[in-house]
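Work through the exercises below with the sequence and the coordinates at hand. Each task is followed by a stepwise solution.

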Amino acid sequence: MSFKAGILTFFIGLIAFGQNHNAIEVPAITKDFVLGKFDYKTHAQFTKVDMAHASKTIYLNKDVYSAFLKMYNHAKADGVDLIIKSGTRNFKEQKAIWERKWVKYSSLNPMDRANKILEYSSMPTTSRHHWGTDMDLNNFTNSYFDHGKGKLEYQWLLKNANTYGFYQVYTNKANGRTGYNLERWHWSYMPLAKTYLEFYNKHITYLDITGFKGSNLAIELNTITLYVNGISKKAKTAFNKD
């Protein structure tokens, strides 16, 4: 294929994506799914990410990975490299992260300990990473995106990621966003994530947030309202039904 033909194919694919990503069909959703209580490695909707696009073994929803590949190719053409550092995590994996930090901050009282962890990590059963729609890109430090290569990567994402359905959900809190701290690396595929969040809000209660240390604090911390729904206004209003 010639260079011109390759460029033409790229833009045709981009136009087709823009026409179709609003109408993605979402298979039946279950409580276990949004709570992360399933095996994504054997789940029909998930696929393993090629190591050319990831820093370790990572799985994503198939539609999410397909959209990422289009974004990746566009970024590559612009001289920007995107690498997925983290993708899907199930309940057990999120529990391991949470309880490791629970021990790390053991000098704090339980409420302060939970608040400290919640600066950047979700309680198991409340993480968007359970859904296969969210990914962490390039670096886990906000300061990395302040200068040099990291700044170029972040500016590219701000300009282009929405075109492919990806939104930064944890922006700064200047406009009243609640929940987790700023995460410039965390991008969510809203054509699917929006539907999963709607299901979560309709069917999940605090009785479902259990099975890990500190889970009894979820109600007092108002976890569902402040954290599960603590995403940017731009992400909340993306793909609203007319």
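**Exercise 1.** Is E119 buried or exposed, or in between, and which residue does the side chain of E119 meet in a salt bridge?

Solution. The model is predicted: local features need pLDDT of at least 70, side-chain atom pairs count only at pLDDT 80 or more, and totals for chains, interfaces and linings use all residues. Residues are numbered from 1 along each chain as its sequence is written, and side-chain values use heavy atoms, with hydrogens and water left out.

Step 1. Buried means under 20% relative accessible area, exposed over 50%, and partly exposed in between (1.4 Å probe, protein chains only). E119 has 26%, so E119 is partly exposed.

Step 2. A salt bridge is a side-chain nitrogen of Lys or Arg within 4 Å of a carboxyl oxygen of Asp or Glu. The partner of E119 is K116, at 3.6 Å, N to O. K116, at 32%, is also partly exposed.

**Exercise 2.** Classify the residues of the salt bridges D81 to K76 and R128 to D134 by accessibility.

Solution. Step 1. D81 and K76 pair at 2.7 Å, N to O. D81 has a relative accessibility of 32% and is therefore partly exposed; K76, with 45%, is partly exposed.

Step 2. R128 and D134 pair at 2.9 Å, N to O, and both residues are buried.

Step 3. The count of salt bridges comes to five.

**Exercise 3.** Where is P27 found, and how many residues apart in sequence are P27 and Q45?

Solution. Step 1. P27 is in the loop between α1 (3-20) and α2 (31-34); helices are DSSP runs of H or I with at least four residues, numbered from the N terminus.

Step 2. P27 and Q45 are 18 residues apart in sequence, with 8.7 Å from C-alpha to C-alpha.

Methods
Helices (H or I, at least four residues) and strands (E, at least two) are DSSP runs, numbered from the N terminus.
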